[in-house]
Amino acid sequence: MQTNEASQESEIKQVIRSLCMMNNRFMNFMLDDNKKAAQVFLRIILGDDKIKVKNVRIQSFIQNIYGHSSQLDILAQDSKGRYFNVEVQRSDEGAPARRARFYSSILDTHFLQPSKLYEELPDTYVIFITENDVLRDNLPLYDIRRTIKQSARDFEDGSHIIYVNSQRRDDTALGKLMQDLYCTEPKNLHYQEFAERIEFLKYSKEGEEKMTDVIEEYAARKAEAVAKEAEKKEQANKIELAKGLLADGMSIEFTVRHSKLSEAEVRELAFKLTA
């Protein structure tokens, strides 16, 4: 029993040590109430060394009574009252242009109170850090603004959408930040503000306790992957059985009953076999 518990504990430690900031949940823990680290992030991405972060929180749920609500990964506010939503997207499907548009609009809806004037609407920044170059121009960063088409002047409405391509890991400040996002060892990080927090999360008892739900999420994903793989194998076995029955001249009804496939699936197999 103790051997199993020790083995499980060792596996948990290995999982924690293998995590990097491109893991969404680990990034959340790294930046949760960590103004120094969030400040470094924003200063480098926006190229503004004067940004002073007042507060930062994770998993902020914004209710939209008229439609789709949203849970923002990281939401920070600076001393000028600007809001910054940072999202880590490892899947290309998670960072479409219209999602960025939606996040920008939901921030506007949330932060303009009924008694306020439109001019009081704060500047907002939606920042997608993507694993791949989803906009495909091989740029390290895409700063997206509305412009007046006829004059090419910026339309200064205070909304900003930024895509950061984490594949560009050169020796610039932004490139080094991207290197740090994939780094698993605190001692190898470029930015000390990240190293201190990651050292705490990975190598202290208190940090490991904070990481419990990350590990639970990992275990749930692992179990789901195993279940899906078993389901795929079971489906493949059903298909092979159905093919064999059809090849032996069995009826559609007989094949459905014994293979446990749907009638539509069996008819499709029968069509392919006779095509």
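Start by selecting helix H4, the element that gives the most to the lining of the largest pocket, with six residues. You are looking at a predicted model, so local features need pLDDT of at least 70 and side-chain atom pairs count only at pLDDT 80 or more, while totals for chains, interfaces and linings use all residues. Residues are numbered from 1 along each chain as its sequence is written, and side-chain values use heavy atoms, with hydrogens and water left out.

Helices (H or I, at least four residues) and strands (E, at least two) are DSSP runs numbered from the N terminus. On a 1 Å grid over the protein atoms alone, a cavity is a set of points where a 1.4 Å probe fits but cannot get out. A pocket is an open set with protein on both sides within 12 Å along at least five of seven lines, and lining residues have an atom within 4 Å of a point.

**Stop 1: the largest pocket**

Now select Arg101, Ser104, Ile144, Arg146 and Ile161, which lie nearest the centre of this pocket among its 13 lining residues. Helix H4 (97–111) and strand E8 (159–165) are the elements that give two or more residues to this lining. The space here is about 260 Å³, where a volume is the space filled by probe spheres set on grid points joined across faces, edges and corners. Colour the lining by class and you get five nonpolar, four polar and four charged residues. Here Ala, Val, Leu, Ile, Met, Phe, Trp, Tyr, Cys and Pro count as nonpolar, Asp, Glu, Lys and Arg as charged, and the others, Gly among them, as polar.

**Stop 2: the second largest pocket**

The lining has four nonpolar, one polar and six charged residues.

**Stop 3: the cavities**

Next, look inside for the two cavities of 30 Å³ or more. For the largest, about 50 Å³, select Arg145, Arg146, Asp154, Phe155, Glu156, Asp157, Gly158, Ser159 and His160. That lining divides into one nonpolar, three polar and five charged residues.

For the second largest cavity, about 40 Å³, select Leu31, Ala38, Phe41, Leu42, Ile74, Ala76 and Val86. Helix H3 (35–46) and strand E2 (70–78) give two or more residues each, with the largest share, three, coming from H3. This lining has seven nonpolar residues, no polar and no charged ones.

**Stop 4: H9 and H10**

Finally, show helix H9 (residues 252–259) and helix H10 (residues 263–274), whose axes come within 9 Å and cross at roughly 120°. Axes are lines fitted to C-alpha atoms, for helices over the stretch in contact, and angles run from 0 to 180 degrees between N-to-C directions. H9 and H10 are therefore oblique to each other; angles under 35 degrees count as roughly parallel, over 145 as roughly antiparallel, 65 to 115 as roughly perpendicular and the rest as oblique.

To see the contact (heavy atoms within 4.5 Å), select Ile252, Glu253, Thr255, Val256 and Ser259 of H9 with Glu263, Val266, Arg267 and Ala270 of H10. Those contact residues divide into four nonpolar, two polar and three charged.
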